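Keep the picture open beside the text and look for each feature as it comes up.

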Amino acid sequence: MKDSEEKESELSKDKLIIWDDLQNKKIYELKLYSEILNIKLKLDKIIVSTKNNYLYVIDISTLDINNIYQLYENSKGLFAVSLDDNILVLAFPYKSSGYIKIKKYNSKINIPNINAHDTDISFLTLSNEGNLLATSSQRGTLIRIFCTFNGELIQELRRGAKMSLIYYITIDLNNKFLACSSNSKTVHIFSIYSSIKYLKEKGIIEDVKSNDENKKENEIIEQPKNQKSFIGSIINVLKIGISYFESEWSFAQFRLPENENEKAIISFSPIENSINVLTKTGNLFIASFEPSLGGECTKINEINLFQQNNENKEK
């Protein structure tokens with residue numbers, strides 16, 4: 001009974017435990033007195049969110065808590081972190097429904113809180129360097145892309161016309177494409193070329209490539225045009241502010257099988273112009289898309305990771 005209680009205490013949902021695989025032992029434990037909902041790791045930081053709506057930034061080298069932020073009360077532990085090892089940008093729901101706070105470490109830029117949506121945030125993600133923030137709301141019809149240097153809305157993408165729960169949003173490391181998954185069982189892929197063009201025009205990122213390289217890259221990126229309706233084109237000319245028709249639709253889609261679990265996380269594959277779709281049942285789909293043509297993705301492979309893991313154990 002005592003051993004069982006000790007084991008249950010060690011695995012408590014409000015404890016952050018760091019395990020060293022080389023030493024095969026626990027090296028750190030932090031009790032946060034509220035259930036941990038989300039953890040993300042960087043080379044020098046651990047970022048943790050809890051059920052009582054706090055976000056902790058912990059220094060790995062000293063194991064000290066550097067910062068504590070208050071999350072919006074209905075945030076469900078959501079936050080996003082830039083992937084680049086040398087840059088730390090945080091984004092999280094803040095104060096009111098639909099609002100997001102951006103925190104850039106080692107920067108004196110004061111970014112205003114972003115009023116991203118009219119309803120609660122359902123998902124948010126940052127680009128590799130943290131220059132772009134992509135968000136969705138509980139409605140799940142729109143994905144909005146903001147510049148994290150000034151909070152300006154620079155691109156609006158439409159997943160669909162009907163409400164849907166967006167499970168995941170990801171931006172590829174080269175900042176060419178964005179993809180999202182939802183309970184519609186369709187993964188949508190968008191071009192975000194106009195967002196990168198905005199950053200270059202504002203001098204936020206530099207274009208240091210040669211003319212030949214730029215020409216080649218622009219040919220690849222500009223060709224996957226996100227769809228806009230004919231009415232949208234007219235409205236754009238007339239400058240009538242109707243969001244539904246001005247937003248951009250995906251240029252490529254991957255549809256999960258009808259009998260597949262709808263909940264999926266996604267990433268862009270190291271294979272050029274392809275995505276990985278991992279469902280809750282452990283099925284990993286790898287599919288390719290054609291940037292110049294768009295349309296339906298082509299399935300390259302399908303693997304069940306749970307089954308493969310069991311087979312490896314048997315060996």
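## The chain at a glance

The chain holds six helices and 24 strands. Please keep in mind that this is a predicted model. Of the 315 residues of the chain, 47% count as buried. Among contacts between residues at least 6 apart in sequence, 41% join residues at least 24 apart.

**A mixed sheet and its helix**

- Let us begin with an open sheet of five strands, which follow the order β11-β12-β13-β14-β18 with mixed pairing.
- The edges of this sheet are β11 (121-126) and β18 (248-249); each has a single partner strand, so one side of each is left without a neighbour in the sheet.
- Strand β14 (residues 153-158) and β18 run parallel, and two bridges join them.
- To find this pairing in the picture, look for Arg158, which stands opposite Trp249 in β18.

**An antiparallel sheet**

- As a reminder, strands of a sheet pair through backbone hydrogen bonds, either parallel or antiparallel.
- Another open sheet has four strands in the order β20-β21-β22-β24, and its pairing is antiparallel.
- Its edge strands are β20 (264-268) and β24 (298-304), each of which pairs on one side only.
- On average, neighbouring strands of this sheet are turned by 20 degrees against each other, direction ignored.
- Five bridges connect β20 with strand β21 (residues 274-279) in the antiparallel sense.
- Within this pairing, Ser267 stands opposite Asn276 in β21.

**Aromatic rings**

- How many aromatic pairs does a search of the whole structure find? The search finds 10 aromatic pairs.
- One of these is the pair of Tyr54 and Tyr56, which is tilted, with 6.4 Å centre to centre and 45 degrees between the planes.
- Tyr54 has a relative accessibility of 29%, so Tyr54 counts as partly exposed.
- Tyr56 has a relative accessibility of 10%, and because buried means under 20%, Tyr56 counts as buried.
- Phe177 and Phe289 form an edge-to-face pair, with 5.1 Å centre to centre and 85 degrees between the planes.
- This pair links distant parts of the chain, as its two residues are 112 residues apart.
- Phe177 belongs to strand β16 (residues 177-182), while Phe289 is in the loop between β22 (283-288) and β23 (295-296).

**Charges over rings**

- Which ring does the charged end of Lys40 sit over? It is the ring of Phe79, with the charged end 5.6 Å from the ring centre.
- The charged end of Lys104 sits over the ring of Phe149, at 3.9 Å from the ring centre.

**A closer look at Ser182**

- Ser182 lies in strand β16.
- Ser182 has a relative accessible area of 1%, so Ser182 is buried.
- The side chain of Ser182 makes a polar contact of 2.8 Å with the side chain of Ser184.
- Setting aside neighbours within four places in sequence, Ser182 is in contact with Arg159, Ser164, Leu165, Ile166, Tyr167 and Glu262.

**A closer look at Thr170**

- Where is Thr170 placed? Thr170 is in strand β15 (residues 166-171).
- With a relative accessible area of 12%, Thr170 is buried.
- Thr170 and Cys180 are 10 residues apart in sequence, and their C-alpha atoms are 6.5 Å apart in space.

How values were computed. Residues are numbered from 1 along each chain as its sequence is written. This is a predicted model: local features need pLDDT of at least 70, side-chain atom pairs count only at pLDDT 80 or more; totals for chains, interfaces and linings use all residues. Side-chain values use heavy atoms; hydrogens and water are left out. Two strands pair if DSSP finds at least two bridges between them. Rings of Phe, Tyr and Trp (its six-membered ring) pair if their centres lie within 6.5 Å; planes under 30 degrees apart count as stacked, over 60 as edge-to-face and the rest as tilted. Buried means under 20% relative accessible area, exposed over 50%, partly exposed in between (1.4 Å probe, protein chains only). A charge sits over a ring if NZ of Lys or CZ of Arg is within 6 Å of the ring centre and within 35 degrees of the ring normal. A polar contact is a pair of N or O atoms within 3.5 Å; within protein, one must be able to donate a hydrogen and the other to accept it, and residues adjacent in sequence count only if both atoms are side-chain atoms. Contact means heavy atoms within 4.5 Å. Axes are lines fitted to C-alpha atoms, for helices over the stretch in contact, and angles run from 0 to 180 degrees between N-to-C directions.
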